[in-house]
Amino acid sequence: MAKLLEGKPLAETIKEGIKQEIATLKNKPVLASVMVGENAGAESYTKSQKKAAEALGIEYNLEKLPGDTQESALIEFIKKLNADKATNGIIIQMPLPQGIDYKKISAFIAPEKDVEGMHPANIGKIIFGKAKILPCTAAAVMELLSASGADLYGKEVVVVGHSEIVGKPLALLLLEKFATVTVCHIGTSKAGKLEEHVRKAEILIVAVGKAGLIKGDWVKDGAIVIDVGINRVAEKIVGDVEFEPAEKKAAQITPVPGGVGPLTVTMLMRNLVEAAKLQQA
Ligand code: NDP
């Protein structure tokens, strides 16, 4: 039976480090969270972000803009936050109203205030191994792998899912550690080759968003499995990997919920502290 790789205790340890770092800063770090229009999901997400921020001694300013805000007005608002010395980090809540392109908007956030780590300049730095601010979910996975004790050097690592926020940056971070990385995606599945790749994985990371996509018996004996997926099935949250059969084969596996999730918001706060340090330097 696999050991559970739980995110919560790890997040608590990382938060202690964040608090200590905050204590060394000249000013309390400030995070601006920009929300356009009303959305119940985003509202509840910002509440939990605010709680997490304030518990660490971070000021969380929710900036609510009306639902009919135009793209150009939002860009001007972001420019104002970029110029505001008291604001250390900026996040844009999803969803944005129709007609506003998130990718376009987020590129206007100053890279040193981009706490989601998705600005092209920050993504580019990952290629050179110089990134200080990393995409939160990819960073959360790297923390879990580090906590697993796995030496990534030369390991067969298979990443399923090639999204810009998880799979792609993760593949680069793993390469930086000299893992042998295979990235699978819809094309792999359509070619009927997903199982073949998954079976080879000494470390398997899945970020797709399809419950049960990865069959438990595909998991290699002794593998480490990180399941990023979040799927609601019959009122329950499950991952992308069939948990019970996979748990019998893996050496370590993340639970869903309780694996990657609790770490993601912690990574956002860590990025904010990094951002504040960059701005102080
Ligand atoms: P995206 O939808 O952006 O990406 C999903 C990826 O999976 C795409 O690369 C897609 O390929 C690929 N894919 C789709 N179907 C298949 C298939 N049958 N076989 C192989 N690959 C496939 O999702 P995200 O990366 O944003 O999120 C992935 C999952 O992780 C979701 O469940 C999300 O909720 C969860 N998540 C969890 C977080 C956490 O904190 N725990 C944070 C962020 C995400 P293509 O684009 O080519 O179709």
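What percentage of the 281 residues in the chain do buried residues make up? In this predicted model, buried residues account for 47% of the 281 residues.

## Overall architecture

The chain contains 11 helices and 11 strands. Its radius of gyration is 19 Å, close to the 19 Å that the globule rule gives for 281 residues, so the chain is as compact as a globular protein of that length. Along the principal axes, the C-alpha atoms fill a box of roughly 50 × 40 × 35 Å.

Among contacts between residues at least 6 apart in sequence, 72% join residues at least 24 apart. The accessible surface of the chain comes to about 13,700 Å², and carbon and sulfur atoms contribute 55% of that surface.

## The ligand and its surroundings

The shell around the ligand holds 21 residues, of which His162, Ser163, Ile186, Ser189 and Thr264 come nearest. By residue class, the shell divides into 10 nonpolar, 10 polar and 1 charged.

A polar side-chain atom of Ser189 lies 2.5 Å from a nitrogen atom of the ligand. In the side chain of Lys210, an N or O atom is 3.0 Å from a nitrogen atom of the ligand. The backbone also takes part: a polar backbone atom of Ile230 is 3.0 Å from an oxygen atom of the ligand. Taken alone, the ligand exposes 920 Å², and the protein buries 71% of that area. Two or more residues of the shell are given by each of the elements α8 (186-190) and α11 (261-280).

Helix α7 spans residues 167-176, and its buried residues are Gly167, Pro169, Leu170, Ala171, Leu173 and Leu174. An α-helix has 3.6 residues a turn, so residues three or four places apart point the same way.

The buried residues of α7 pack against both helices and strands: α5 (120-127) and α6 (136-148) on the one hand, and β5 (156-160), β6 (180-184) and β7 (203-206) on the other. Just after α7, Phe178 adopts a positive phi of about 65°.

## Asn88, a polar residue in a buried loop position

Asn88 is placed in the loop between α3 (71-83) and β4 (89-92). Is Asn88 buried or exposed? Its relative accessible area is 10%, which lies under the 20% cut-off, and Asn88 is therefore buried.

Leaving aside residues up to four places away in sequence, Asn88 touches Lys28, Pro29, Val30, Glu112, Lys113, Leu272, Ala275, Ala276 and Gln279. Asn88 and Val115 are 27 residues apart in sequence, while their C-alpha atoms are 8.7 Å apart in space.

## Ser106 in helix α4

Ser106 is found in helix α4, which covers residues 102-106. With a relative accessible area of 8%, Ser106 is buried. Not counting residues up to four places away in sequence, Ser106 touches Ile92 and His119.

Notes. Residues numbered from 1 in each chain as written. Predicted model: local features only at pLDDT ≥ 70, side-chain atom pairs only at ≥ 80, totals over all residues. Heavy atoms only, no water. Helix = DSSP H or I, 4+ residues; strand = E, 2+ residues; numbered from the N terminus. Buried < 20%, exposed > 50% of the residue type's maximum accessible area, 1.4 Å probe, protein only. Contact = heavy atoms within 4.5 Å. Near = heavy atom within 4 Å. Polar contact = N/O pair within 3.5 Å; in protein donor to acceptor, adjacent residues only side chain to side chain. Areas by Shrake-Rupley, 256 points an atom, 1.4 Å probe, with all protein chains shown as cover. Nonpolar A, V, L, I, M, F, W, Y, C, P; charged D, E, K, R; others polar. Rg over C-alpha atoms; globule rule 2.2 N^0.38 Å.
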